Amino acid sequence: TPVIGVLALQGDVREHLIALATADAVARPVRRPEELAEVDGLVIPGGESTTISKLAHLFGLMEPLRARVHAGMPVYGTCAGLIMLADKILDPRSGQETIGGIDMIVRRNAFGRQNESFEAAVDVAGVEGDPVEGVFIRAPWVESVGASVEVLAEHGGHIVAVRQGSALATSFHPELTGDHRIHSLFVDMVRAKAASGSL
Ligand code: GLN
């Protein structure tokens, strides 16, 4: 059974822990570099990317996170987590840094402010059956992607789900719905990576 961490600096950590457990992973909060070293994969939750960025520095996690993502650890970011995985932010707050890992440019708060949050059915490549119920909360969209990035979903003509190798990201929050198909997809990515690593 894969052990998957949830970066627990700020954001909806608990919802991801529950979703991962439902998707048959062992889920643990990660706050310290030693905890990061022990997981097979990592989820970066929704919340506020500027805060997560600041706290990652404060907790000495930014460099270890970059190193593990660069080394190919499977990682899944939702909303603020998607922003953290972007190689570039179009409109960063001053000093805002990302972990990077996905060759994309993201636009923060692209769909509007809090009162413009919405839900929409989203077709996600690789997820069988009905569309996913996408919960968008001050969500970013992906402005552009590099050649090695796979676009998994769009909404209103904007990219809202991507994958590059072992890195997965969505603008929306599957952890806030009862539907754990995207978490299952990620758990499968972690399993596949662990199997290939042990060959
Ligand atoms: N707007 C937030 C940010 O820029 C993301 C919101 C969310 O994660 N729901 O980090």
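What share of the 199 residues of the protein chain count as buried? The figure is 46%. Buried means that 20 or more other C-beta atoms, placed from the backbone, lie within 10 Å of the residue's own.

**View 1. The whole protein chain in a predicted model.** This is a predicted model: local features need pLDDT of at least 70, side-chain atom pairs count only at pLDDT 80 or more, and totals for chains, interfaces and linings use all residues. Residues are numbered from 1 along each chain as its sequence is written. The protein chain has a mean pLDDT (the predictor's confidence in each residue, from 0 to 100) of 95. The complex receives an ipTM of 0.94 and a pTM of 0.96 from the predictor. Along its principal axes, the C-alpha trace spans about 40 × 40 × 35 Å.

**View 2. The largest nonpolar core.** This core has 63 residues. A nonpolar core is a set of buried Ala, Val, Leu, Ile, Met, Phe, Trp, Tyr and Cys residues joined through C-beta atoms within 7 Å. I4, L42, L85, V162 and A169 have the most contacts inside it.

**View 3. Around I4.** Leaving out residues up to four places away in sequence, I4 touches L20, A25, A27, V39, D40, G41, L42, V43, V187 and V190. Touching means that two C-beta atoms, placed from the backbone, lie within 7 Å.

View 4. G46, G47, E48, S49, C79, A80, I83, R108, N109, I137 and R138 surround the ligand.

Key:
Near = placed C-beta within 6 Å. Buried ≥ 20, exposed ≤ 12 C-beta atoms within 10 Å, placed from the backbone.
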